[in-house]
Amino acid sequence: MMVFGVPLAELVRLMQAHLFLSGCAVLAAVIIGLPIAIWAAHHRQTGGILLGAISLAQTIPSLALLALFYPLLLLIGRATGWPIPALGFLPALLALAMYALLPIVRNGVAAIRGVDPALAEASDGLGMTPRQRLVFVELPLGAPVILAGIRTAAVWTIGTATLATTIGQPSLGDLIFSGLQTENWQRVLVGCIAAAGLALLVDALLALIEAGLAARSRPRWLAGLMLLLGVAVAAIAAPGSSGIGAKNPVVVIGAKNFSEQYILASLIEDRLRRAGYQIERRDNLGSAIAYRAVAAGDIDVYVDYAGTLWANVLGRRDNPARADVLATLTRELAQRDGVWLQGKLGFENAYVFAMKRQQADALGIRTLDDLAAKAPQLRLASDLEFLSRPEWQAVDKAYRLRFRQAKSYSPTFMYRAIQDGSADVISAFSSDGRIAARDLVTLVDTRHALPGYDAVLLLNRNAATDPNLVGALRPLIGKIDIGPMRQANWMVDRDEDKRTPAEAAKWLDSAVK
Amino acid sequence: MISLRNLEKTYAGRPALDQVSIAIARGAFVALVGASGAGKTTLLKAINRLVEVESGSIHVDGRDAAVLPLTELRRSIGYVFQGIGLFPHLTVAENIWMVPRLQGQAADRRKQRVAELLDLVSLPQDIAGRHPAQLSGGQAQRVGVARALAAAPSIMLMDEPFGALDPVTRSELGQAYRALHERIGLTTIMVTHDLAEALLLADRVVVLAGGRIVADLPPAELMAYRGNDAITAMIAVVMDQAARLEQLAARQ
């Protein structure tokens with residue numbers, strides 16, 4: 001069954017994961033935040049400093065906060081030697097809990113400080129200990145205000161949890177991010193509406209409890225609490241919670257944030273499922289995070305590109321022959337990080353500069369040298385990371401490209417930009433189906449500034465020593481040509497007769513055989 | 001028996017208590033009067049240590065208040081104040097039972113004890129299940145008195161207890177409390193800014209000014225006292241008002 005083009009089972013699974021993550025984060029924030037609030041309310045000076053520090057954490061953009069927990073946990077894991085998962089649930093939980101802390105602490109302090117001075121005097125005069133005063137007077141009277149803070153935190157958290165996708169934790173953000181990348185607006189919309197719906201539902205239930213507490217009506221707040229518990233149970237209930245108690249070994253497949261990566265991850269998923277494995281996906285990983293994740297063992301297998309690994313992971317600036325690059329990578333990644341490069345898939349996804357055929361012909365641009373001469377009149381649209389990558393520095397050094405304007409877009413909007421004339425040149429990928437479909441030409445890299453970008457299969461130590469797994473993936477090595485890959489990408493990226501990455505993967509699977 | 005010796009307390013350099021010593025016998029009804037800032041509330045609150053004095057000693061029934069656990073000291077002394085401070089989220093019965101609950105008394109005694117206390121302060125029994133918001137001002141302060149008496153203290157500290165009530169209720173409650181004081185054999189110390197109330201209720205009136213005791217006399221003697229101009233003026237106002245009211249009544 002489908003909900004606006006999204007399989008119901010997937011939607012339910014993501015909603016459950018989303019709720020579970022948000023619920024745990026808010027719960028953690030309450031458990032940490034309430035004692036802080038109680039302490040801060042009774043110690044004005046130090047409490048003020050503490051509140052300031054929590055407010056400061058709030059000013060970090062949520063996406064950055066999530067991203068920062070990855071290296072932080074990696075570092076802690078390395079320093080202590082403990083097996084701390086740096087990707088997925090834990091960093092998402094920590095970042096979201098930190099975010100949820102402010103409204104809980106702030107309202108908690110306001111609630112306790114807001115207790116009528118006459119009641120404080122009565123509490124003291126009757127001989128209450130500070131603890132009795134807290135339990136008998138301050139907490140019951142402050143409950144509605146404290147709960148209002150928890151409500152705010154819950155709504156924020158459910159919204160922000162969509163970003164957990166970027167650090168490999170499944171959430172409704174999976175629909176939004178992958179929908180954005182593949183221009184599947186239905187997916188984006190379903191993801192947004194589902195997240196908003198969850199936020200509204202939880203908000204309404206907390207509002208019921210809050211009103212019940214304010215009116216001192218036990219049946220009302222108890223009803224709200226029961227319904228909320230019902231939602232919590234639904235979040236951890238059977239169908240979506242994969243892997244719990246499963247017998248089959250679990251393999252975690254990573255994917256960066258573009259169509260080709262989703263398709264290849266789905267292809268790998270299909271092959272491994274057939275070989276009897278349980279699969280977990282970590283989609284939408286940043287380029288740097290994906291490699292570190294496989295090195296740290298947070299993901300077992302993913303597809304990367306030789307040139308990216310060469311420049312970003314090994315930090316090399318030279319540009320030797322492609323066979324040498326591959327041999328060096330295979331040796332060094334294994335030695336240094338225990339990452340096994342099983343082999344190249346066959347096609348290449350290199351950075352290329354592309355222009356509209358008509359404009360390139362008119363300006364007489366065929367090579368990057370030609371481009372450099374005309375660059376001052378032209379506008380570049382690049383993807384989000386290209387301008388900060390070593391490849392761009394290498395090209396810039398070789399050709400001295402000085403564009404009139406250079407702007408970054410997410411890949412989807414980059415193609416829109418050249419289509420609607422707000423850019424003249426884009427940094428495209430050679431396997432992108434849109435190059436041929438939109439009648440763009442790629443410019444020749446005469447000075448060989450850009451390295452080769454053979455797609456390669458990377459496995460972590462555990463996966464590499466599993467002969468069954470390695471055997472299941474072996475048939476893919478060297479078998480995926482540029483033509484079928486472009487076609488599969490185009491199936492996902494085109495506007496009409498769009499296919500999901502999973503469908504394109506099925507098609508590609510048959511093309512491989 | 002309460003014995004205070006050489007109490008000192010300053011607020012921002014101004015003395016609120018300046019070498020104050022006083023002994024109060026069991027069963028006494030003492031009113032503390034004086035202008036605002038004279039130190040009467042500070043003196044009252046020093047006894048159950050809601051205010052901590054800087055020097056001096058406080059003995060309650062022979063025990064040093066400074067070494068007694070704070071909660072034990074306060075639970076053994078009834079405290080009633082103008083703000084009343086009934087807990088709005090608790091019923092009247094729960095409010096009254098608060099100190100016994102803090103002391104860990106068995107909850108099965110609650111019903112009977114609350115009934116006794118409601119009787120004592122002349123409130124109907126059906127009030128026990130209500131919340132404070134449903135009470136009139138006079139009823140609320142009667143509950144406040146009942147709450148202070150719940151653990152059967154022998155001493156009551158009252159800080160302008162009837163100050164916020166309308167004159168009729170105020171007078172009624174004052175007399176009812178005085179009767180209660182007699183009946184249970186309480187020792188009462190009451191702060192009031194109303195000299196007439198002090199003269200009519202107390203059997204000993206202590207006048208404070210600038211943190212010192214300037215007079216400490218039974219009501220009748222205080223009215224005849226001429227040793228302090230400020231006191232003379234205070235008494236004159238009360239007497240003058242009474243005389244004019246009497247004239248007014250006589251004209252009818």
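**View 1. Chain B has ten helices and ten strands in this predicted model.** Helices here are DSSP runs of H or I with at least four residues, strands are E runs of at least two, and both are numbered from the N terminus. Residues count from 1 along each chain as its sequence is written, and chains are lettered from A in the order in which they are written. Since the model is predicted, local features need pLDDT of at least 70 and side-chain atom pairs count only at pLDDT 80 or more, while totals for chains, interfaces and linings use all residues.

**View 2. An open sheet of six strands in chain B, in the order 6-7-8-3-9-10.** Pairing is mixed; two strands pair if DSSP finds at least two bridges between them. Strand 6 and strand 10 (212-217) stand at the edges with a single partner strand each, so one side of each has no neighbour in the sheet.

**View 3. Strand 7 (residues 155-159) meets strand 8 (residues 187-191) in chain B.** The two run parallel and are joined by five bridges. Zoom in on Met158(B), and you'll find Met190(B) of strand 8 as its bridge partner.

**View 4. The side of chain B that touches chain A.** Here 15 residues of chain B are in contact with 15 residues of chain A, contact meaning C-beta atoms, placed from the backbone, within 7 Å. Helix 2 (70-75), strand 6 (77-81) and helix 4 (98-102) of chain B each give two or more residues to this side.

Note on methods: Two residues are in contact if their C-beta atoms, placed from the backbone, lie within 7 Å.
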